[in-house]
Amino acid sequence: MTALTPTLAIVAARLPSPPPSIEVLDADVAGTTPDWRGIAVPEHLMERFARRSDAAPLAARPIAGGQIHLLAPCPGFGAVLLDAWDSAQQRWRGWLVTPDASYADACGLVVEERDAPADPRAGLVLCDMPVTVAVTDLGACLGVFSQERLQAARWLETHGRANGAAAAPGVIARVALPGDDYGLTGTPLSSELGKDARVVYRQLLRQGLQQLQIAPADAAAPQMTPIKPANASRWLKIVTAVAASVMVVQSAWLFLPKDQAVVGNAERFRVLFRAEATEAEIRAWLQREQLEIVAGPDTLGAFTLLSRNRQKVLPPPGPGNPLAVINP
């Protein structure tokens, strides 16, 4: 247990409602308070400050798969690595993320240098703790995973338990992944009661998720194809061109008879398009669905679409349309 930092008492204190029994915390703080004026800031803390500063520009990034976002209801508790958008439930599927890399087990993916920039609050992806979250549950972005790293998290969720190494709390090692890749993970949890603090650690995290009403995802459910909102400058230029062309059609509608005008008889939708969607794909889809762009992009990269059909329902993001998110 001495290899695991921070202590379980500190982990418990992060919960929205900490457990009443955290006597170990009293032992940690007991004794004479040191005179901090003559103590230099440790190098590892300075490194964490630098990492947080490097990741600061990511904070306001539009939500997309592969991003790590703080849990807005309690930012001090943890974060979530977003994997895929569930259009049926209008929720994101992902995995719980904490700062505590030393608590990694065989299903934990340690955030490392190749994931930079990444805020130090994102240190460990618990691939055995999949969750589903609403957009309103998501706070600032702490980091962005590549598709390869996302695939590593998916692989560990499915195959991490097959690791046959001996339990060794606090030990982090490389594990081979498909495609000549690797990941940094811990060892399997110990089955001996009271011998592995990582077991209690996960119990505390589950309590916190229950308190925050964050639902666990069905680990057996098939994983969806990740989607990305359009937030690249190339994409914005493309859609701006589409919007400009649509405005030409819009101006002609101003001269339609009153009973054919869209005012008072229209439906609006706020959407994000996929980053890889082309101008031709977006234009064809707008014409097919009889939609027009009337506003955007806003600060999140979202556009407002208009339909003259009050009963119009947009098809969910997926094959055949360029949508990434509806009503972000």
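1. Gly 66 sits in the loop that links helix H3 (43-55) to strand E1. In this predicted model, Gly 66 has 0% relative accessibility and therefore counts as buried. Beyond its neighbours within four places in sequence, Gly 66 is in contact with Leu 81, Leu 82, Gly 143, Val 144, Phe 145 and Leu 150.

2. Helix H5 covers residues 197-212, which makes 16 residues. At 1.5 Å a residue the helix should span 22 Å, and the distance between its end C-alpha atoms is 23 Å, which agrees. Just after H5, Gln 213 takes a positive phi of about 60°.

3. Which residues of H5 are buried? They are Ala 197, Arg 198, Tyr 201, Arg 202, Leu 204, Leu 205, Gly 208, Leu 209 and Leu 212. Seen down the axis of H5, these buried residues fall within an arc of 160°, so they line one face of the helix. The cover over them includes helix H1 (8-13) and strands E1 (67-71), E3 (91-98) and E5 (124-133). Note that two arginines, Arg 198 and Arg 202, are on the buried list.

4. Ser 190 is placed in the loop between strand E8 (181-185) and H5. Its relative accessibility is 18%, and because the cut-off for buried is under 20%, Ser 190 counts as buried. Leaving out residues up to four places away in sequence, Ser 190 touches Ala 167, Lys 195, Asp 196, Arg 198 and Val 199. Among these, Arg 198 is also one of the buried residues of H5.

5. The largest nonpolar core has 33 residues, and those with the most contacts inside it are Leu 71, Phe 77, Leu 96 and Val 133. Two or more residues each come from H1, strand E2 (79-86), E3, E5, H5 and strand E13 (323-326). Which element gives the largest share? That element is H5, with 6 residues.

6. Phe 77 shows how this part is put together. Apart from neighbours within four places in sequence, Phe 77 is in contact with Arg 14, Leu 15, Leu 71 and Leu 96, and also with Leu 205, Gly 208, Leu 209 and Leu 212. Leu 205, Gly 208, Leu 209 and Leu 212 are among the buried residues of H5. A second, separate core has 20 residues, including Ile 68, Leu 70, Phe 145 and Val 175. Phe 145 is also one of the contacts of Gly 66.

7. An open sheet is formed by 4 strands in the order E11-E12-E10-E13, with antiparallel pairing. Its edge strands, each pairing on one side only, are E11 (292-295) and E13. On average, neighbouring strands here are turned by 50° against each other, direction ignored. E11 and strand E12 (residues 303-307) run antiparallel and are joined by 3 bridges. Ile 293 has Leu 305 in E12 as its bridge partner.

8. In helix H7 (residues 279-289), which residues are buried? Ile 282, Trp 285, Leu 286 and Glu 289 are. Seen down the axis of H7, they fall within an arc of 100°, so they line one face of the helix. Ala 280, Gln 287 and Arg 288, on the other side of H7, are exposed.

Technical notes:
Residues are numbered from 1 along each chain as its sequence is written. This is a predicted model: local features need pLDDT of at least 70, side-chain atom pairs count only at pLDDT 80 or more; totals for chains, interfaces and linings use all residues. Side-chain values use heavy atoms; hydrogens and water are left out. The expected span of a helix is 1.5 Å times one less than its number of residues. Buried means under 20% relative accessible area, exposed over 50%, partly exposed in between (1.4 Å probe, protein chains only). The arc is that of the directions from the helix axis to the C-beta atoms. Contact means heavy atoms within 4.5 Å. A nonpolar core is a set of buried Ala, Val, Leu, Ile, Met, Phe, Trp, Tyr and Cys residues joined through side-chain atoms within 4.5 Å. Two strands pair if DSSP finds at least two bridges between them. Axes are lines fitted to C-alpha atoms, for helices over the stretch in contact, and angles run from 0 to 180 degrees between N-to-C directions.
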